[in-house]
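Here is a short report on one protein model.

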Amino acid sequence: MNQHIITGIALLAVGTYLFRLAGPVLGRRFHFPETIKAITSELSTVLLFSVAVISTIFDGNLYAGHAHVAGVLIAAVFAYRKMPFLIIVLSAAFITAILRALGIE
């Protein structure tokens, strides 16, 4: 294996460990009001949701297509209804495949 790859993996491992360690260490030193903690908790949810929406609509720089969006919407509805995970994945794939077979991209 290339020495640069091993060095990169080691640096990423150390960096990841330091980021994980920084949370508890800094959490003991800084005390934030409960309102700030609530807002930052909600901001992380909004950030994850926006990444999910963007990856649903776009594939790289291009529009992902109506079939892809429909499949994700079906999966979201089934997940909201607390259907089993296998049913969610298979139904989303089925809807996407059927729409693409009908010529709807």
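## Kink and fold

Helix α1 has a kink of about 30° at Ala22, shortly before the proline Pro24. The bend at a residue is the angle between axes fitted to the seven residues ending there and the seven starting there. Helices (H or I, at least four residues) and strands (E, at least two) are DSSP runs, numbered from the N terminus.

The model is predicted: local features need pLDDT of at least 70, side-chain atom pairs count only at pLDDT 80 or more, and totals for chains, interfaces and linings use all residues. Residues are numbered from 1 along each chain as its sequence is written, and side-chain values use heavy atoms, leaving out hydrogens and water.

The protein has four helices and two strands. Their order along the sequence is α-α-β-β-α-α. The radius of gyration is 21 Å, well over the 13 Å from the globule rule for 105 residues, so the protein is more spread out than a compact globule. That radius is taken over C-alpha atoms; the rule is 2.2 Å times the number of residues to the power 0.38. The C-alpha trace spans about 60 × 50 × 30 Å along its principal axes.

## Two residues

Buried means under 20% relative accessible area, exposed over 50%, partly exposed in between (1.4 Å probe, protein chains only).

Thr56 touches Ala64, His68, Val69 and Val72, not counting residues up to four places away in sequence. Contact means heavy atoms within 4.5 Å. Buried residues make up 11% of the 105 residues.
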